[in-house]
Amino acid sequence: MIRKPFLLGDLELPSNIFCAPLAGCSDLPFRKMTSRYKPGMIYCEMVKIDALVRHDPHTYRLLDYTRDMHPIGAQICGSKPKLAFEAARIIEDLGFDLIDLNCGCPVDKVTKDGSGSGLLQNPERIGEILTEMVRAVSIPVTVKIRAGWDDESINAAEIVKIAESAGASALTVHGRTREQGYKGPANWDHVAACKRASSKMPIIGNGDLFDAEAVERLFSHSGCDGVLIARGTMGQPWIVEDIERHLLGLPKIERTILDLRQVLLDHFHSITSYQAERQALLDMRRVGCWYLKPCSGAKQLRMQINQASSLDEVFSLLDAFDWGTIRFSQDASFASASF
Ligand SMILES: Cc1cc2nc3c(=O)[nH]c(=O)nc-3n(C[C@H](O)[C@H](O)[C@H](O)COP(=O)(O)O)c2cc1C
């Protein structure tokens, strides 16, 4: 269950409840919001190894962080062991607390050169890459996998052993196959199987953790050492605090619509101070949707935000809106939202 503090290699983390890497989502403004609620660790979006070693400025920007975001992890994605060595050095030099290898990204563009979940079809390569990363840095090296490529080739437990031999400090497993994408529920039996296969490397469970009760069920079902919250952080950055309080037996904090309004405003301000106006407007549409979609009565506000053509207009809309007219919807489910 909950561990405070939690040890990963020599790194002492505030807890074993982590916020996931989310490409296109867990950017600096997003992480500013989640880090407020004191997760054990937050991750930047994955970055491509090849782009990092050629010092692509856009890739470096994905790794922007501020001092108050520690502990923070970076995640690299690629399939070449030698380049992984170089990339790991760069990540360590940038001051990250931990580096993770992505073996879960299902996108064709990524898997076609054997990266992301493509590596699940080549477990020995995972071992080679991790060995190079461990050799390159003194910060903990971890790996994030899916259960397997498809139902016929479930090999998460085998990869646990390979990762452990290569010196990885932890392994996160998302209980879906690559073929599954996001269809159907995550199968937590795979998390349990990884836990059984590990002799002492911590196993972090992931998949369909949208509330504190689900986290408690996954801990009990699998005996995992920590959990990674992914889509559950979108539009509810406070989820980590809710989970911790639940697991510690503390009273639940009732979040009101006015609390939501304030957090949404803070997130929007964080976006506007980081992005130029055009990008900020696009980001605010996406982020506004996460926060407002689970509320009944907020559809019109969402549409207005989507149509706004300036930042001033967005903030005027939020200011003029009668927040008393909306409420959290019981049946709103992040799990069924499409990303
Ligand atoms: C929009 C989006 C972006 C993601 N980006 C990454 C990523 O960069 N690296 C990674 O390892 N996983 C990524 N994932 C996978 C999540 O970290 C997580 O493993 C997956 O969503 C399952 O957890 P959940 O069911 O709690 O959402 C992404 C998922 C989504 C929905």
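**Group meeting: a walk through the predicted model**

Strands here are DSSP runs of E with at least two residues, helices are runs of H or I with at least four, and both are numbered from the N terminus. The peptide bond from lysine 4 to proline 5 is cis, with omega near 0°. There's also a cis bond from histidine 70 to proline 71, with omega near -5°. Proline 71 is in the loop between helix H3 (57–62) and strand S5 (72–77).

Some housekeeping. Residue numbers start from 1 along each chain, as its sequence is written. This is a predicted model, so local features need pLDDT of at least 70 and side-chain atom pairs count only at pLDDT 80 or more, while totals for chains, interfaces and linings use all residues.

On confidence, pLDDT is the predictor's own score for each residue, from 0 to 100. The protein chain has a mean of 95, and 97% of its residues reach 70 or more. Over residues 331–339, though, the pLDDT is below 50, and that stretch has 11 contacts in the model beyond near neighbours in sequence. A contact means two C-beta atoms, placed from the backbone, within 7 Å.

Now the layout. The protein chain splits into domain 1 (6–247) and domain 2 (257–328), with bounds from an automatic or database domain assignment. Taken over C-alpha atoms, their centres are 30 Å apart. Seven residues of domain 1 contact nine residues of domain 2. On the domain 1 side, those divide into five nonpolar, one polar and one charged. For the classes, Ala, Val, Leu, Ile, Met, Phe, Trp, Tyr, Cys and Pro are nonpolar, Asp, Glu, Lys and Arg are charged, and the others, Gly among them, are polar.

What about the ligand? It is surrounded by 23 residues, and the closest are Ala20, Ala23, Met46, Ala230 and Arg231. To count as near, a residue's C-beta atom, placed from the backbone, has to lie within 6 Å. By class, that shell has 11 nonpolar, eight polar and four charged residues.

Next, helix H6. Which residues of H6 are buried? Ile126, Gly127, Ile129, Leu130, Glu132 and Met133. Buried means 20 or more other C-beta atoms within 10 Å of a residue's own, exposed means 12 or fewer, and partly exposed is in between, with C-beta atoms placed from the backbone. The cover over those H6 residues includes helix H4 (81–93), strand S6 (98–103), strand S7 (141–146) and helix H7 (156–166).

Zooming in on methionine 133 in H6, this residue counts as buried because it has 28 C-beta neighbours inside 10 Å. Leaving aside neighbours within four places in sequence, methionine 133 contacts Ala84, Phe85, Ala88, Ile99, Leu101 and Val141.

Lysine 38 has a positive phi, near 55°, without being a glycine, and lies in the loop between helix H1 (28–35) and strand S4 (41–48). With 14 C-beta neighbours inside 10 Å, lysine 38 is partly exposed. Aspartate 208 also isn't a glycine, and its phi is positive at about 65°. Buried or partly exposed for aspartate 208? Buried, because it has 21 C-beta neighbours inside 10 Å.
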